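Me: Please go through the packing and the surface of the model shown below.

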Amino acid sequence: MNRKRITAISLCLLVLLFSYTSADKLLNLDRFTTSMYNQPIPHWLAYALARLIPVAEILTAVSLLFPATQRLGLLSSFILLSTFTLYITFILLHFFRKIPCSCAGIFRHITWQQHLWINLLMLALTVLALSTASQKPLRSPLNHSI
Amino acid sequence: MRKMKIHLLCIAVFGICAAFANRPPKALQQMDHYAYWYTSTDGSRMYYLVDLTAQGWVQGIDYDCIPPQSICTFIANPIRSHNDLSGTWFFTWDVPQSGIDDTGVFDMMQ
């Protein structure tokens, strides 16, 4: 499988990930806010993040849809996934006093270890797509446009 | 906005539809929530959001609500047990009488 095809698949998976998780959080905002309150962070920050994270995810997904903003979307994806991955790593290393419950979507049904592996995979795909994007403008093999 | 990758748009729509299809079932009636912090003996804290209506609590009998509707207080029947979101049951005398959501005092349960 060549690099271009892997990049195209990465983009598809990232769009799916961010559209699903953002919609899931917004559709269950009460539940997500409760989950955020149970994270080992200050109360005011949990409330703010419960609003900011879904918005950041939507913006990332939308950015990935347009070739002109794809690089920005990939950078945003890199920042979001790196932050989540770092946070999960801290949790698994018992950096915090308790292990909180996980947050949203399919991720509330999986363990923190599985969550970490998925994040690492998505992060690797983001880095791969970013490196391709920085070489030349992205051209998907499925490059239909409207 | 000149060019949009249509297959990515389809995937995004699919993601939103999947999230919509996977959302938790909606309660048949208007739901009132009672939210509070629980502090364990080891000092760890857990935030609970209790769905009163879905659990069969009756407004005006078991609890009362003042505007905004999310602010509710238990007023009667303290011996009824109740399940929280983690599946643990408790009695109303275990829950604080004042705090709801982020408007109350949360360091009540020691």
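**Surface and core**

Reply: A:Val62 lies in helix H3 of chain A, helices being DSSP runs of H or I with at least four residues, numbered from the N terminus. This is a predicted model, where local features need pLDDT of at least 70, side-chain atom pairs count only at pLDDT 80 or more, and totals for chains, interfaces and linings use all residues. Residues are numbered from 1 along each chain as its sequence is written, chains are lettered from A and ligands numbered from 1 in the order in which they are written, and side-chain values use heavy atoms, with hydrogens and water left out.

Me: Is A:Val62 buried, partly exposed or exposed?

Reply: Buried means under 20% relative accessible area, exposed over 50%, and partly exposed in between (1.4 Å probe, protein chains only). A:Val62 has a relative accessible area of 39%, so A:Val62 is partly exposed.

Me: Which residues have the most contacts inside the largest nonpolar core?

Reply: A nonpolar core is a set of buried Ala, Val, Leu, Ile, Met, Phe, Trp, Tyr and Cys residues joined through side-chain atoms within 4.5 Å. The largest one has 23 residues, and those with the most contacts inside it are A:Phe18 and A:Leu74.

Me: Which helix of chain B supplies at least two residues of this core?

Reply: From chain A, helices H1 (3-27), H3 (43-65), H4 (70-92) and H5 (112-135) each supply at least two. From chain B, the helix that does so is H1 (6-21).

Me: How many disulfides are there over all chains?

Reply: A disulfide is a pair of cysteine sulfur atoms within 2.5 Å. By this rule, the count over all chains is 0.
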